[in-house]
Amino acid sequence: MNASLKRIILLLVLALFLYLGLYTWNQRTGVLDRLAEHAGLEFVGAILKPGVWARDQVVSSWNNYLDLVGVREENEALHEQVRTLSQQVQVASEERAELARLRALLELEPPEGWRPLGARVVANRLGPQAALESAIISRGYYSGAGPGTPVVTHEGVVGRVYRAGPYTATVLLLTDPGSRMAVLSAVNRTAGILVGTGPRGLLEMKYVPQNARIEVGELVLTSGLEGAFPKGVPVAQVESVSQSDLSLFQTVYASPLADLEALEEVLLLERPPVQPGARTLPLPAVNATQGVGPGTGHGPGQGNGTAGHGGQRAQPVQSNQPAPRAPRPQPAQPAQQPQQAPQPAQAPRQ
């Protein structure tokens with residue numbers, strides 16, 4: 001026991017001398033202070049670092065959540081803005097296309113005396129079993145779209161007004177089998193009648209003699225006969241020409257210049273006003289209506305239409321005033337009155 005106690009005392013003394021020596025040395029150099037400072041900081045840092053990391057993660061997650069909420073709201077606002085801008089772009093594109101079409105229509109110079117009237121196509125031919133190849137436009141007889149009025153685009157003739165209401169009208173297209181138009185070729189001046197063949201079909205130019213010259217690729221123009229259309233308006237282009245030994249006429253087919261399947265805006269050509277005393281030809285059958293006025297002679301009668309039951313032909317703009325025109329065809333009556341002596345005596349009885 002004494003030996004172990006001595007060892008313990010000896011170790012304690014050595015430890016005390018070592019401590020005092022280190023303390024003294026540290027007081028002189030400060031090495032142990034610096035070492036303890038760095039070691040303590042590293043130890044404390046190692047202990048606190050996981051807590052700081054956990055705190056940062058929590059704060060970051062909360063900030064991300066708040067940012068996501070803001071991003072979501074901003075994203076919805078941007079989506080709404082994109083939809084609005086897309087609609088505006090579509091409207092602008094449509095207006096730009098419409099502007100191009102209207103500019104092309106404005107470049108069309110109608111013949112002298114014919115007044116152009118713009119109209120929109122509000123409906124096209126409905127269904128494959130529709131009775132007519134037609135389109136409905138936004139003008140009626142109150143605004144210049146009377147029956148028989150020519151309808152054109154900057155590309156060529158579209159057709160003519162078939163029926164007219166107060167504010168809308170039906171246009172009979174060139175391709176309708178009931179459409180008839182007097183035309184002539186642009187180069188060889190060969191005349192014929194252009195007839196429709198049905199939906200999306202070609203146009204047939206009838207009554208072209210076998211010895212008449214007409215070439216493929218030649219333009220077909222309106223002839224201006226009967227005053228139904230102004231002369232020289234492009235209508236179609238010749239696609240094929242063939243001859244047959246069984247017919248007196250050539251078989252000529254042409255394609256319309258105007259795109260009849262994509263009509264949106266058209267021009268109506270209003271006829272020049274009829275001068276007083278001028279005689280006018282009857283309108284084509286597409287817009288003819290029978291007159292209701294009584295006839296007084298052997299010709300077509302006066303009335304509201306273009307054909308009556310006997311008498312003189314009425315002027316379209318003066319059909320309601322037949323009285324001033326009636327005495328004109330009777331300049332020879334004074335010379336014949338001596339041969340018809342009983343007539344003056346019968347006049348007071350009537």
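This is a quick talk about the salt bridges in the structure above.

Okay, before anything else: this is a predicted model. How many salt bridges does the structure hold? The count comes to 6, and I'll walk you through some of them.

Let's start with Arg55 and Asp56. Their side chains pair up in a salt bridge, with N to O at 3.1 Å. And how open are these two residues? Arg55 has a relative accessibility of 52%, so it counts as exposed. Asp56 comes in at 37%, which makes it partly exposed.

Next up, Arg72 and Glu76. Here the N to O distance is 3.7 Å, and again we have a salt bridge between the side chains. Where do the two sit? Both are in helix α2, which covers residues 31-106. They're 4 residues apart, and that's about one turn of the helix. On accessibility, Arg72 is at 60%, so put it down as exposed.

Last pair for today: Arg213 and Glu215. Which atoms are we looking at? The closest N and O atoms of this salt bridge are 3.6 Å apart. Arg213 is exposed, with a relative accessible area of 57%. Glu215 is partly exposed, at 39%.

Definitions and conventions. Residues are numbered from 1 along each chain as its sequence is written. This is a predicted model: local features need pLDDT of at least 70, side-chain atom pairs count only at pLDDT 80 or more; totals for chains, interfaces and linings use all residues. Side-chain values use heavy atoms; hydrogens and water are left out. A salt bridge is a side-chain nitrogen of Lys or Arg within 4 Å of a carboxyl oxygen of Asp or Glu. Buried means under 20% relative accessible area, exposed over 50%, partly exposed in between (1.4 Å probe, protein chains only). Helices (H or I, at least four residues) and strands (E, at least two) are DSSP runs, numbered from the N terminus.
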